[in-house]
Amino acid sequence: MTEKTTGASYAAAGVDIEAGDRAVELMKEWVKKTQRPEVLGGLGGFAGLFDASALKRYERPLLASATDGVGTKVDIARQMGVYDTIGHDLVAMVMDDIVVCGAEPLFMTDYICVGKVHPERVAAIVKGIAEGCVLAGCALVGGETAEHPGLLGPDDFDVAGAGTGVVEYDHLLGADRIRTGDAVIAMASSGLHSNGYSLVRHVLFDRAGMSLDQHVEEFGRTLGEELLEPTKIYSLDCMALTRTAEVHAYSHITGGGLAANLARVIPDHLHATVDRSTWTPGAVFDLVGKAGQVEQLELEKTLNMGVGMMAVVPQESVDVALTALADRGVDAWVAGEITERGEHADGAALTGSYAS
């Protein structure tokens, strides 16, 4: 008697289509909360649709686009079993890059890659992305959830996103607008944000032997809760500031640290000097530095050191700018100034010592 064999199937290979469908159903209510009037159709189409006729009010509209992920911070979320905050990080990393040039965030798409689809987990990730989109003022018009059994473990995942914004050509911000004597305004970060986690994880876990559930007195909470603190989303704050005060440029402080990112918007003939004594980095930066015996310059080129966004404004706009940011609950201060490049080799540098 011949033994009957069963043919191969997608499910047998580890891909659960039904679980994917359930995840889509669970996320629909959150995606709906992000909709703008220009968005056409609903979740489930092959492409997200955005009515470009809304751009007719622009004389010369420039589309701005950006894409990013959140790096190894996803492993902290996985270990903590907390999935509804990592989306805030993703939106911040994408949309705060877009707003730097003065663009209004319009819409975003996401990509979630998992080893195994857990519908509730995927929906929680999308919930965080949707909440982040609301905070950034953009729509979540679509995305993709991919299941990669055999390449990722059942609990492993990664996220990425891409966004689009628009700015009037005459309102484009950047190096061309910056002048000698401009002030550099720093906006406080909410913590580590989403950069440098490979260093942070190595120092705190591998070298210091700390655990995510360990209570840290300086934080007033566990290490895991501190490391998962969502990245602050500055998009609407920056847009409000450009409507209220004259702004010449923004710099989103991400990978590479404060000086390197600020230098990206400084013209070749000018130099930005940032005074460390104008602020005190949060306790998490001190912990990473001491636990790993990390040199200050290494910390500063890896982490944001307590500053998530910087604005370059003319001196006459400083008071208005600081008031506008304070009214929106943004902790901001004058941290530096723009001078002639002279003998400076770089576009930006930190001076002095951090305030204690």
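The following conversation concerns a predicted model of a protein chain.

Colleague: How many helices and strands does the protein chain have?

Modeller: There are 11 helices and 14 strands, taken as DSSP runs (helices H or I, at least four residues; strands E, at least two) numbered from the N terminus. Residues are numbered from 1 along each chain as its sequence is written. The model is predicted, so local features need pLDDT of at least 70 and side-chain atom pairs count only at pLDDT 80 or more, while totals for chains, interfaces and linings use all residues; side-chain values use heavy atoms, with hydrogens and water left out.

Colleague: Which residues of helix 5 are buried?

Modeller: In helix 5 (residues 197-207), Tyr197, Val200, Val203, Leu204 and Phe205 are buried, that is, under 20% relative accessible area with a 1.4 Å probe, protein chains only.

Colleague: Why do they line one face of the helix?

Modeller: Viewed down the axis of helix 5, the buried residues fall within an arc of 160°, so they line one face; the arc is that of the directions from the helix axis to the C-beta atoms.

Colleague: What do they pack against?

Modeller: They pack against helix 2 (73-80), helix 6 (223-227) and helix 9 (283-291).

Colleague: Turning to the largest nonpolar core, which residues have the most contacts inside it?

Modeller: Those are Phe157, Leu204, Leu227, Leu262 and Met310, in a core of 77 residues. Such a core is a set of buried Ala, Val, Leu, Ile, Met, Phe, Trp, Tyr and Cys residues joined through side-chain atoms within 4.5 Å. Helix 3 (residues 86-99) contributes the largest share, eight residues.

Methods
Buried means under 20% relative accessible area, exposed over 50%, partly exposed in between (1.4 Å probe, protein chains only). Contact means heavy atoms within 4.5 Å.
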